[in-house]
Amino acid sequence: MQYNKVEICGVNTSKLKVLNEKEKIALLQKAQAGDKQAREELINGNLRLVLSVIQRFTNRGENLDDLFQVGCIGLIKAIDNFDISQEVRFSTYGVPMIIGEIRRYLRDNNSVRVSRSMRDTAYKAMQEKERLTALNGKEPTVEEIAKSLELRREDVVLALESIVEPVSLYEPVFSDGGDTIYVMDQVGDKNDDKNWLDEIALKEAMNDLNDREKRIMGMRFFQGKTQMEVALEIGISQAQVSRLEKGALDKIKKDL
């Protein structure tokens with residue numbers, strides 16, 4: 001699989017090393033025994049995992065270098081705390097750690113800035129709402145507030161919405177002492193954590209395939225080519241493609 005060059009924190013991401021699961025476990029054992037070189041190699045060999053995670057946060061307008069550095073902190077925490085005795089893939093433990101670190105950063109640092117003029121308009125609208133309610137004995141509509149202030153309805157709506165505190169998708173809305181329900185659980189969106197965690201897990205599993213298997217899987221499932229088209233392009237029989245494809249799928253299923 002080809003990767004385009006992207007410079008993040010001075011790192012050429014197209015040249016990042018990718019470790020398979022056996023290499024990760026071997027380095028984890030050395031790193032947790034105090035081998036600093038193994039720890040450094042393990043960090044560098046998992047930077048693509050950080051990249052996979054931060055791609056999901058790029059639509060927030062955040063600086064990619066900042067997100068990458070924060071994600072690396074989560075990766076380091078995962079390396080230091082991963083329990084090798086548990087029979088799980090490192091990415092299964094590492095991804096949530098990286099996500100948690102990035103969410104914490106976004107929660108603590110991503111404040112919404114509202115202009116002074118917009119805040120002033122919002123406060124005037126709120127005062128006018130109280131005045132009209134007292135005058136008429138009923139709550140005024142946005143149109144009535146806008147007309148009284150000689151402003152456009154859209155400007156009043158935008159100003160009032162700008163001073164409402166944003167709610168995190170991970171804000172708890174209910175808890176009975178056991179399972180907690182978050183705002184995200186009540187939003188109808190198919191692009192939830194599970195979907196893209198599965199996608200990252202699939203990419204990680206494909207790293208353990210050899211070059212020919214990766215090429216065949218890429219052509220079959222990412223480019224949508226038939227086994228016959230793959231066979232003609234690679235120069236082998238369709239039966240060989242079928243056999244290699246089945247072997248690669250068995251490896252991925254075992255890893256997942």
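1. Ground rules first. This is a predicted model, with local features needing pLDDT of at least 70 and side-chain atom pairs counting only at pLDDT 80 or more, while totals for chains, interfaces and linings use all residues. Numbering starts from 1 along each chain as its sequence is written, and side-chain values use heavy atoms, without hydrogens or water.

2. The overall picture: 12 helices and four strands, taken as DSSP runs (H or I, at least four residues; E, at least two). Of the 256 residues, 31% count as buried, meaning under 20% relative accessible area. Among contacts (heavy atoms within 4.5 Å) with a separation of 6 or more, 56% link residues 24 or more positions apart.

3. Have a look at α10 (residues 211-222) and α11 (residues 227-234): their axes, fitted to C-alpha atoms over the stretch in contact, come within 10 Å and cross at roughly 135°. Arg215, Ile216, Met219 and Arg220 of α10 meet Gln227, Val230, Glu233 and Ile234 of α11. By class, that contact has four nonpolar, one polar and three charged residues.

4. Most non-glycine residues have a negative phi. Glu150 sits in the loop between α7 (142-149) and α8 (153-162), and its 74% relative accessibility makes it exposed (over 50%).

Methods. Axes fitted to C-alpha atoms, helices over the stretch in contact; angles between N-to-C directions. Nonpolar A, V, L, I, M, F, W, Y, C, P; charged D, E, K, R; others polar. Buried < 20%, exposed > 50% of the residue type's maximum accessible area, 1.4 Å probe, protein only.
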